[in-house]
Amino acid sequence: MGEIDEAFIQSIEHRPKSTTVDAQGIPVIDLSALNSQHCSSNSSSSMEDLIVQVGEACKNWGFFQVINHGVPSSCREKVEVASRAFFRQPSEEKRKVRRDEANPMGFYDTEHTKNVRDWKQVFDFTVENPTVVPASHEPDDVRLQEIVNQWPDYPPNFRGACEEYTREIEKLAYKLLELISLSLGLPAEKLNGFFKNQTSFMRLNYYPVCPVPHLALGVGRHKDSGALTVLSQDDVGGLEVKRKTDGEWVLVRPTPNAYIINVGDVIQVWSNDKYESVEHRVMVNSERERFSIPFFFNPSHTVMVEPLKELTSKQNPARYKPYNWGKFHTTRNISNFKKLDVENIQIHHFRI
Ligand code: OGA
Ligand code: NI
């Protein structure tokens, strides 16, 4: 067995455990009530029920799975097949579309989470093409930059499969956003405006077989910094969520055709900590490679993220100062390239 680059090695307290706990408790929520066209009294009570389930899941877990979500399985299969075909190629082919300092979209295989290298390869692309973001993380630099997707030549249907899938997942993301808004006692479309000129992106993750799965992680422990994540995982499993009740890492068992949803830091701030963004990580294994596809639903770069006025009061004052999403995200991205000596930017830096 060859030497493993020590950049991949997790410190002892962050290594995966040899026994895993099953997250039986992660709620599975049936979204069929959203698809029923007619407004019988029956369907309005099932809507109420659905909103309560979403609210409870966001509060108690920060994570849930959805079934009967309306995304056609053929569309998901197409992108899964395209992803496998892309990653199966030799590195020099994949590097033709690699990301760099100028363009953060495309292929890369050197991401670090909390300064430890992840055992994975990724391909990123944005929803809006081009996507407008700040040109730098410097607070006083008002210049903007347009991010343009890079697409590989192989497999030939890669771009089409990705774009078609993105449109379906975006629809689901808006449905979930509206349910979350309703569950907070707000009008359904209260949050939608923040996503005009969104900075959302899709990531194809490939976790190769790992000779040292007890020492490395596919993705180190982290919270998602955007609003909402809609994740498709294959049947291998490896995603672990930190249970709020006791801090135990629990495995999210793959449910065929389901999506895993988690609230990110932006919803934590909007909800003034009612819905907390929860830590999660990805284990790898020595027998099977794993594929997953998260969609990171992110607001426009111009959005100032702060607790919603409707959710704060004298008794429950805002717990965060406003911060600009574009600058926050740009600052966060720097650490994907370099090892930093300081802690990366976090929402708790804006705590009042
Ligand atoms: C992520 C993530 C989980 C997975 O990319 O932020 O948490 O199962 N991925 O790949
Ligand atoms: Ni994540």
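**Terms and values**

Mentor: Let us begin with a helix: the cover over the buried residues of H7 includes S8, S10, H6, strand S18 (304-305) and strand S19 (323-324). Here cover rests on contact, meaning heavy atoms within 4.5 Å. Helices (H or I, at least four residues) and strands (E, at least two) are DSSP runs, numbered from the N terminus. Please note that this is a predicted model, in which local features need pLDDT of at least 70 and side-chain atom pairs count only at pLDDT 80 or more, whereas totals for chains, interfaces and linings use all residues. Residues are numbered from 1 along each chain as written, chains are lettered from A and ligands numbered from 1 in the order written, and side-chain values use heavy atoms, without hydrogens or water.

Trainee: Why is helix H7 called largely enclosed by the rest of the structure?

Mentor: A residue is buried under 20% relative accessible area, exposed over 50% and partly exposed in between, with a 1.4 Å probe and protein chains only. Eight of the ten residues of H7 (residues 325-334) are buried, so the helix is largely enclosed. The buried residues are Trp325, Gly326, Lys327, Phe328, His329, Thr330, Thr331 and Arg332.

Trainee: What caps the N-terminal end of H7?

Mentor: Asn324 does, with a side-chain oxygen 3.2 Å from the backbone nitrogen of Gly326. A polar contact is a pair of N or O atoms within 3.5 Å; within protein, one must be able to donate a hydrogen and the other to accept it, and residues adjacent in sequence count only if both atoms are side-chain atoms.

Trainee: Is Val269 buried or exposed, and how do you know?

Mentor: Val269 has a relative accessible area of 0%, so it counts as buried. This residue is placed in helix H6. Leaving aside residues up to four places away in sequence, Val269 touches Val305, Glu306, Pro307, Tyr320, Tyr323 and Ile347.

Trainee: Where are the cis peptide bonds?

Mentor: One joins Asn129 and Pro130, with omega about 5°; another joins Tyr154 and Pro155, with omega about -5°. Pro130 is in the loop between strand S7 (121-126) and strand S8 (131-134). Pro155 is in the loop between strand S9 (144-147) and helix H5 (158-183).

Trainee: Which residues are around ligand 1?

Mentor: Near means that a heavy atom lies within 4 Å. The residues around ligand 1 include Asn205, Asp224, Leu239, Arg290 and Phe296. By class the shell has six nonpolar, four polar and two charged residues; Ala, Val, Leu, Ile, Met, Phe, Trp, Tyr, Cys and Pro count as nonpolar, Asp, Glu, Lys and Arg as charged, and the others, Gly among them, as polar.

Trainee: Which side chains come close to an oxygen atom of ligand 1?

Mentor: A polar side-chain atom of Tyr207 lies 2.6 Å from a ligand oxygen. The side chain of His280 has an N or O atom 3.0 Å from one, and that of Ser292 has one at 2.6 Å. Taken alone, ligand 1 exposes 290 Å², of which the protein buries 95%; accessible areas come from the Shrake-Rupley method with a 1.4 Å probe, and for residues only the protein chains shown count as cover. Strand S10 (201-207), strand S16 (280-282) and strand S17 (290-297) each give two or more residues to the shell, and S17 supplies the largest share, four residues.

Trainee: How do you know that the radius of gyration agrees with a compact globule?

Mentor: The radius is taken over C-alpha atoms, and the globule rule is 2.2 Å times the number of residues to the power 0.38. For 352 residues the rule expects a value near 20 Å, and the protein has 20 Å, so the two agree. Buried residues make up 53% of the 352.
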